[in-house]
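Have the sequence and coordinates open.

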Amino acid sequence: MTSNILPPELEKYRTAVESLTQRQRQCMAHVARGLTSKRIGGKLGIRSGTVDKHIENARNILGEMDRFDAAQIILAFEEPG
């Protein structure tokens with residue numbers, strides 16, 4: 001996680017993002033790149049249903065929003081590169 005100062009509208013998600021598992025963050029990073037659950041599963045070596053569960057759990061932690069918006073918030077907290 002980055003220690004960069006984020007805009008206040010993102011700072012409110014810090015605790016939620018920090019509570020996500022590494023696998024949830026990996027799945028959401030692929031969502032941000034536009035990959036489907038099936039493609040994410042192939043890249044990570046897990047079933048698409050498992051990917052969907054990781055995404056669902058991450059979205060539940062962040063609150064009511066679509067998967068792409070949740071992925072963008074999570075990526076804002078990641079280290080660049």
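Q: Among contacts in the chain between residues at least 6 apart in sequence, what percentage join residues at least 24 apart?
A: The model is predicted: local features need pLDDT of at least 70, side-chain atom pairs count only at pLDDT 80 or more, and totals for chains, interfaces and linings use all residues. Residues are numbered from 1 along each chain as its sequence is written, and side-chain values use heavy atoms, with hydrogens and water left out. Contact means heavy atoms within 4.5 Å. Of the contacts at least 6 apart in sequence, the share joining residues at least 24 apart is 60%.

Q: How many helices and strands does the chain have?
A: Helices (H or I, at least four residues) and strands (E, at least two) are DSSP runs, numbered from the N terminus. Along the sequence the pattern reads α-α-α-α-α-α. The count is six helices and zero strands.

Q: What is the radius of gyration of the chain?
A: This radius is taken over C-alpha atoms, and the globule rule is 2.2 Å times the number of residues to the power 0.38. For 81 residues the rule gives 12 Å, and the chain is close to that, so it is as compact as a globular protein of that length. Its radius of gyration is 12 Å.

Q: Which residues have the most contacts inside the largest nonpolar core?
A: A nonpolar core is a set of buried Ala, Val, Leu, Ile, Met, Phe, Trp, Tyr and Cys residues joined through side-chain atoms within 4.5 Å. Buried means under 20% relative accessible area, exposed over 50%, partly exposed in between (1.4 Å probe, protein chains only). The largest core has 23 residues, and those with the most contacts inside it are Y13, M28, I40 and L62. At least two core residues each come from α2 (14-18), α3 (22-32), α4 (37-44), α5 (48-62) and α6 (67-76).

Q: Which helices do the buried residues of α3 pack against?
A: Eight of the eleven residues of α3 are buried. M28 is one of them. Beyond four places in sequence, M28 touches I55, A58, R59, R67, A70, A71 and I74. The buried residues of α3 pack against α2, α4, α5 and α6.

Q: Is M65 buried or exposed?
A: M65 sits in the loop between α5 and α6. Leaving aside neighbours within four places, M65 is in contact with Y13, R59, A70 and I73. Its relative accessibility is 14%, so M65 counts as buried.
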